[in-house]
Amino acid sequence: MKKKEITKNELKQEIESYLKILYRKTIDEATNQQVYQALSYALKDDIVDKWMATHKQYDKLDSKTVYYLSMEFLTGRALGNIIINLKADKVVRETLDEIGFDLDVIEDEEPDAALGNGGLGRLAACFLDSLSSLGYPAYGCGIRYKYGMFKQKIENGFQVEAPDDWLAVGNPFEIKRAEYATEVKFGGYVAVRKNENGKDCFVQEGYQSVRAVPYDLPIVGYNNNIVNTLRIWDAEAIDTFNLDEFDKGDYQKAVEQQNLARTICEVLYPNDNHYSGKELRLKQQYFFVSASVQTAVKKYMDKHDDIRKLHEKVCFQLNDTHPTVTVPELMRILMDDYGLEWDEAWNVTTKACAYTNHTIMSEALEKWPLELFSRLLPRIYQITEEINRRFLLDIERKYPGNGDKVRSMAIVYDGQVKMAHLAIVAGFSVNGVARLHTEILKNQELKDFYEMYPERFNNKTNGITQRRFLLHGNPLLAEWVTDKIGSDWITDLSHMNELSVYVDDEKCQKEFMNIKYQNKVRLAAYIKEHNGIEVDPRSIFDVQVKRLHEYKRQFLNILHIMYLYNKLKTNPNLDMYPRTFIFGAKASAGYRRAKAVIKLINSVADVINNDKSINNKIKVVFIENYRVSNAEIIFAAADVSEQISTASKEASGTGNMKFMLNGAVTLGTMDGANVEIVEEVGGENAFIFGLSSDEVIAYEHNGEYNPKDIFNTDTEIRAVLMQLIDGTYSHNDFDLFRELYNSLLEPEGGRADQYFILKDFRSYAEAQLKVEEAYRDEARWAKMAMLNTAKCGKFSSDRTIEEYAKEIWKLEKVTVEAED
């Protein structure tokens, strides 16, 4: 039976009630922030009913559940997404309008949840949305960071990191679940004791511990009454205050336990350029993993009596290597808490844990110093050593006397614990996130493991949720799509292909491009407000927004802009179509070279944007503090999607899919999911350049590429590089960008031009000329843009999750009937 939808009158009464309870205010007195809070609590009433009904149904059916373990969940703002998925947009908007408030303004009162940083965390958030919308039982498990990674500020062109205090006004959607708090132990030593049966038992003693307290956030499915849970863990002191130590005058010792707990959850990815940073990262990983696994096992045992069948009802999905301590932690719980023998525990663990690899780059596969790992997690280290010992015996049986295999595959080797190796050895499934990425894993980075365990490897190409990035982020285009093909695309993106019949229709082309123009006007207004720069919405909006890393090659993009500017300065009458280059990116706090690229972008922007002689043919904008909420505005407005990573380095990418969904045309290398995007849309509807992944890998192995050959023979490229060290963009500070210059030609250690920027430069410049040529042909560009939107169906996270659920997790869909 369908539940009666909330009426405007009921919603207004709820808002009035919460304003009174929370703030002792009437609607006439309330601020936008107070109305945001009151509206959120009003909607939460309805959500909690659905949440309880969902879990009641899961319990009734004894449903198998996936626990998606991730260091990041980049959820963005919750309110708008919840309103969309409740199909309450009309009633909420009209109710607010009647009481004198604008929903868009109220949504802007919510800070982005600072629970993630890049594609890894946004993917996890899309997956949770799809799991709920498809009706699959799931928990997301992570950390309730107080300050996230950081709030980026640009000061004098430099990135400055400030705390992202997103919880300052509270989070109205979260529920503290203190009843599920659990203890997590660090350090100490392992003692062996005899139990009543004379069996050896391993006991951790002399440890420090914290109390892990869960906060649950609702993940509302689209129009289906399903509400799953994102469970984020906060750390509290076991003994909050030692009065005895305080009275003795040892004030530091009095709050020692509080400080230990506080540091664990303060920031995402603390700088690990030093030992204490590494220790904190490992602490964070074990903290949320231990709490999540302990709780999952206890939840299972509350309903079942045989721990040996845990894997039949529970699956732990490790989102990259960060949660890999799940493996020894589950072994510890099964053996030390439930008394299983090693082989029994290993049988359960290897049927319950699955691993997603998100990186091809070997340096990004986590490795922990043995001394740190063994000191911080003594029992976990013992178990890991035993897993390694048994695995080495397996290697010896399969490859007798092969020392090379041991060196490349051992979990514990050369004073390090290699987490990816542990995840592969214990996981029943190992998946890459784009077809090319998975093939490179199988044939290059993880080749030895693939030879030993070929049945474990599989591909699950990433996806995005269309509900966030089209229905919510681009309402004008969403309405146009629905008008043309109906609303089925909201839950089945493959329906977008039905738009293909309109791509040659002149009227539809004009409608589509008018929507793009309106979205460009919206972004131009945002840029004017936040950057003080006027940009022309009739110019080509060429956009690169993503985490800043050398392999993603924002450096190539800005070098090309410098090259274009040189051409304009040489020939002011050059017929160049006006172009607005838009960047958005955070660099890790300790990543010096990436931060130098941000400074370079802003320095180049400062020169170009203030040069009246070029008649606004180029504008350069760096959008500060790139995050989900401003990403939605950017994706909707982009003409060109810059996906220019060095081929073979990007596992998948998901920004490429968000741009495609919103009608931007890809300019990129054949890397990650770009390969599959080009397959779907056709090579004539994308601009592909640069070395192939095979060519990059060959150069890396044979060492035959020398960037100085290009520097010596290409005068235009040489002129651009010399501007890095001649003061052109640095107010005569010749050393400001010298490290960037050296990285291309004479690095301290490592290979010159490691990411083939100069090698790909000419090919990139030619592709950019083709972009301009295509854009000048309005009908051609409109058709290309429309085809990108029409052919995006494969790239929904709904499709990805269906594959995970059926092929890895073996989940069953659940339906929940709404109650009257």
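This is a predicted model: local features need pLDDT of at least 70, side-chain atom pairs count only at pLDDT 80 or more; totals for chains, interfaces and linings use all residues.
Local features need pLDDT of at least 70, side-chain atom pairs count only at pLDDT 80 or more, and totals for chains, interfaces and linings use all residues. Residues are numbered from 1 along each chain as its sequence is written, and side-chain values use heavy atoms, with hydrogens and water left out.

- Strand β1 spans residues 65-69. Strands (E, at least two residues) and helices (H or I, at least four) are DSSP runs, numbered from the N terminus.
- Five of the five residues in β1 are buried; buried means under 20% relative accessible area, exposed over 50%, partly exposed in between (1.4 Å probe, protein chains only).
- Both faces of β1 are covered. T65, Y67 and L69 lie on one side, V66 and Y68 on the other.
- β1 runs parallel to β11 (residues 314-319), joined by five bridges. Two strands pair if DSSP finds at least two bridges between them.
- Y67 has F316 as its bridge partner in β11.
- β1 also pairs with β2 (residues 138-143), in the parallel sense over four bridges. Here Y68 stands opposite G140.

**A three-stranded open sheet**

- The strand order is β13-β15-β14, with antiparallel pairing.
- β13 (367-369) and β14 (412-413) are the edge strands, each pairing on one side only.
- Three bridges link β13 to β15 (residues 416-418). K367 stands opposite K418 in β15.
- Helix α16 (residues 419-426) lies across β13 and β15, at about 45° to β15. Axes are lines fitted to C-alpha atoms, for helices over the stretch in contact, and angles run from 0 to 180 degrees between N-to-C directions.

**S629**

- S629 sits in helix α24 (residues 628-637). Its relative accessible area is 13%, so S629 is buried.
- The S629 side chain makes a polar contact with the D112 side chain at 2.7 Å. A polar contact is a pair of N or O atoms within 3.5 Å; within protein, one must be able to donate a hydrogen and the other to accept it, and residues adjacent in sequence count only if both atoms are side-chain atoms.

**Nonpolar cores**

- The largest nonpolar core has 141 residues. Such a core is a set of buried Ala, Val, Leu, Ile, Met, Phe, Trp, Tyr and Cys residues joined through side-chain atoms within 4.5 Å.
- L39, V92, L96, F287, F316, F373 and W809 touch the most other members.
- Helix α10 (residues 275-303) gives the largest share of this core, ten residues.
- A second, separate core of 121 residues includes M657, F687, A767 and M786.

Conventions:
Contact means heavy atoms within 4.5 Å.
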